[in-house]
Amino acid sequence: MSLFLISYDLDNPGQKYAAVHAMLKSWGARRVLESTWMVKATNSTCVAMRDALKGGPVDANDRVVVVRVDDWASFRAMIDINQI
């Protein structure tokens, strides 16, 4: 099982925050910072997660970064990342 960090900037007027959040939650992702989420997943890749967001609620003017995390540290994250 891999830990992934997903971060986004929604810049298009009428941003689809609710749809992005719904997709991330459906993957079991948890919000760790305002526009940064983390999820543990098997059988997935950074490209697959990016493409799912890009083909769904993320518009052409938005930005998305997906990173597989192998080491991390945090300070005042919104949740305990150990619980992801």
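In this predicted model, R76 lies in the segment after β4. Phi of R76 is near 60 degrees, a positive value in a residue other than glycine. R76 is exposed, with a relative accessible area of 72%. N43 also has a positive phi without being glycine, with a value near 55 degrees. The position of N43 is the loop between β3 and α2. The relative accessible area of N43 is 84%, and the residue is exposed.

The strands form an open sheet of 4, in the order β2-β3-β1-β4. Pairing in this sheet is antiparallel. β2 and β4 (63-69) are the edge strands, each pairing on one side only. On average, neighbouring strands are turned by 30 degrees against each other, direction ignored. Strands of a sheet pair through backbone hydrogen bonds, in a parallel or an antiparallel sense. For β2 and β3, the antiparallel pairing extends over 3 bridges. One of the residues involved is R30, whose bridge partner in β3 is M38.

Helix α1 packs on the sheet and touches β1, β2 and β3. The direction of α1 makes about 180 degrees with that of β1. Helix α2 lies across β1, β3 and β4. Relative to β4, α2 runs at about 155 degrees.

Helix α1 spans residues 17-26, and its buried residues are V20, H21 and L24. An α-helix has 3.6 residues a turn, so residues three or four places apart point the same way. On the other side of α1, A18 and S26 are exposed. The cover over the buried residues of α1 includes strands β1 (2-9), β2 (30-33) and β3 (36-41). Helix α2 (46-54) is also part of that cover.

Within the sheet, T36 is placed in strand β3. Is T36 buried or exposed? T36 is buried, because its relative accessible area is 12%, below the 20% cut-off. The side chains of T36 and S7 are joined by a polar contact of 3.4 Å. Neighbours within four places in sequence aside, T36 is in contact with L5, I6, S7, R30 and R31.

Charged side chains provide further links. Side chains of opposite charge can pair when their charged atoms come close. The structure holds 5 salt bridges. Among them is the pair R63 and D9, whose side chains meet at 3.6 Å, N to O. This pair links distant parts of the chain, with R63 in strand β4 and D9 in strand β1, 54 residues apart. R63 is partly exposed at a relative accessible area of 46%. D9, at 38% relative accessibility, also counts as partly exposed.

R63 has a further salt bridge, to D11, at 2.5 Å, N to O. D11 lies in the loop between β1 and α1 and R63 in strand β4, so this pair ties together parts 52 residues apart in sequence. With 39% relative accessibility, D11 counts as partly exposed.

The side chains of K16 and D59 form another salt bridge, at 3.1 Å, N to O. Here too, distant parts of the chain are linked. K16 belongs to the loop between β1 and α1, and D59 to the loop between α2 and β4. The two residues are 43 apart. K16 counts as partly exposed at 38% relative accessibility. D59, by contrast, is buried, with a relative accessible area of 16%.

Which residues do salt bridges with shared partners join into one network? The network consists of D9, D11 and R63. R63 takes part in both pairs described above, with D9 and with D11.

Conventions: Residues are numbered from 1 along each chain as its sequence is written. This is a predicted model: local features need pLDDT of at least 70, side-chain atom pairs count only at pLDDT 80 or more; totals for chains, interfaces and linings use all residues. Side-chain values use heavy atoms; hydrogens and water are left out. Buried means under 20% relative accessible area, exposed over 50%, partly exposed in between (1.4 Å probe, protein chains only). Contact means heavy atoms within 4.5 Å. A polar contact is a pair of N or O atoms within 3.5 Å; within protein, one must be able to donate a hydrogen and the other to accept it, and residues adjacent in sequence count only if both atoms are side-chain atoms. Two strands pair if DSSP finds at least two bridges between them. Axes are lines fitted to C-alpha atoms, for helices over the stretch in contact, and angles run from 0 to 180 degrees between N-to-C directions. A salt bridge is a side-chain nitrogen of Lys or Arg within 4 Å of a carboxyl oxygen of Asp or Glu.
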